[in-house]
Amino acid sequence: MEKVTEIKNSIPIIEDKIAFICKTYDVTSDELLLELIRFLDLIFHTNKNLSPSHIVDLVWHEFILFTRFYHHFCNKHYQRFIHHTPGGKEYPKVFKKTIHLYIKKYGRPHPKIWGDLATKEWKDINCGSCHN
C-alpha cells in the first residue's frame, strides 16, 4: 500500500480521475491503484510481455497522463520507464500468462478487477480434487 499512498499523495486528483472507473465497476480507488501497482511490479520482476485486465488498463491510462510523475515513479521503483504498448491478436494468451504469474505472486486475483477468466484460472489452479 506504500506505493498507492505515494501516488495518492503525489497526484491528489488521481481519485477524481478514476472515480468513474470505481463507480462503474464497484471498486475503490485503493483497490484499483493496488492492482495497477501489482501489474507494474509483475512486469518489473518478470521482465516479460504482460497484459493487464481491461480495468487495470483504464487506470494505467489515467496514471500515464501524469507524465512527469509517472516517469519519476517508474524510474524510482522499476529503474526504467515502463511503456504502455497496446496488444493485438496475442492478447488472450498473454493475459492468461499474466494471470498465472499474478496468482503465483499474489494469490487470488480481485474478481471485479481481473474478471471471469482470472477467477476461473484461480479455481482451476486451486482445485483440491485435481491435485490428488
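Guide: Before reading the order of elements, take one definition: a helix here is a DSSP run of H or I with at least four residues, a strand is a run of E with at least two, and both are numbered from the N terminus. Please also keep in mind that this is a predicted model.

Visitor: How many helices and strands does the secondary structure of the chain come to?

Guide: The chain comes to seven helices and zero strands, so that, read from the N terminus on, its elements run α-α-α-α-α-α-α.

Visitor: What does the radius of gyration of the chain agree with?

Guide: A compact globule of 132 residues would have a radius of gyration near 14 Å, and the chain, at 15 Å, agrees with that value. Along its principal axes the C-alpha trace spans about 50 × 30 × 30 Å, and 41% of the 132 residues count as buried. The accessible surface comes to about 7,800 Å², of which carbon and sulfur atoms account for 54%. As for contacts between residues at least 6 apart in sequence, 61% of them join residues at least 24 apart.

Visitor: What is the volume of the largest pocket, and which residues lie nearest its centre?

Guide: The general idea is that rolling a probe the size of a water molecule over the atoms shows where empty space is left. In this model the largest pocket has a volume of about 400 Å³, and its lining consists of 20 residues, with Asn-49, Leu-50, Ser-51, Pro-52 and Thr-85 nearest the centre. Helices α3 (29–46), α4 (54–64) and α6 (91–106) each supply at least two residues of that lining, and α4 gives the most, with three residues. By residue type, the lining divides into nine nonpolar, seven polar and four charged.

Visitor: Is Cys-74 buried or exposed, and which residues is it in contact with?

Guide: Cys-74 is found in helix α5 and counts as buried because its relative accessibility is 0%. Beyond its neighbours within four places in sequence, Cys-74 is in contact with Gln-79, Arg-80, Phe-81 and Ile-82. Phe-44 is 30 residues from Cys-74 in sequence, and their C-alpha atoms are 9.6 Å apart in space.

Visitor: Where does Gly-107 lie, and which residues does it touch?

Guide: Gly-107 lies in the loop between α6 and α7 (111–125), and its relative accessible area of 17% is why it is classed as buried. Residues up to four places away in sequence aside, Gly-107 touches Tyr-102 and Trp-122. Gly-107 and Trp-122 are 15 residues apart in sequence, with 8.1 Å between their C-alpha atoms.

Visitor: Finally, which residues does Phe-66 touch?

Guide: Phe-66 is found in the loop between α4 and α5 (67–78), and, not counting residues up to four places away in sequence, it touches Ile-11, Ile-13, Ile-14 and Lys-17. Asp-41 is 25 residues from Phe-66 along the chain, and the C-alpha atoms of these two residues are separated by 19 Å.

Note on methods: Residues are numbered from 1 along each chain as its sequence is written. This is a predicted model: local features need pLDDT of at least 70, side-chain atom pairs count only at pLDDT 80 or more; totals for chains, interfaces and linings use all residues. Side-chain values use heavy atoms; hydrogens and water are left out. On a 1 Å grid over the protein atoms alone, a cavity is a set of points where a 1.4 Å probe fits but cannot get out, and a pocket is an open set with protein on both sides within 12 Å along at least five of seven lines; lining residues have an atom within 4 Å of a point. Grid points are joined across faces, edges and corners, and a volume is the space filled by probe spheres set on the points. Ala, Val, Leu, Ile, Met, Phe, Trp, Tyr, Cys and Pro count as nonpolar, Asp, Glu, Lys and Arg as charged, and the others, Gly among them, as polar. Contact means heavy atoms within 4.5 Å. The radius of gyration is taken over C-alpha atoms; the globule rule is 2.2 Å times the number of residues to the power 0.38. Buried means under 20% relative accessible area, exposed over 50%, partly exposed in between (1.4 Å probe, protein chains only). Accessible areas come from the Shrake-Rupley method with a 1.4 Å probe; for residues, only the protein chains shown count as cover.
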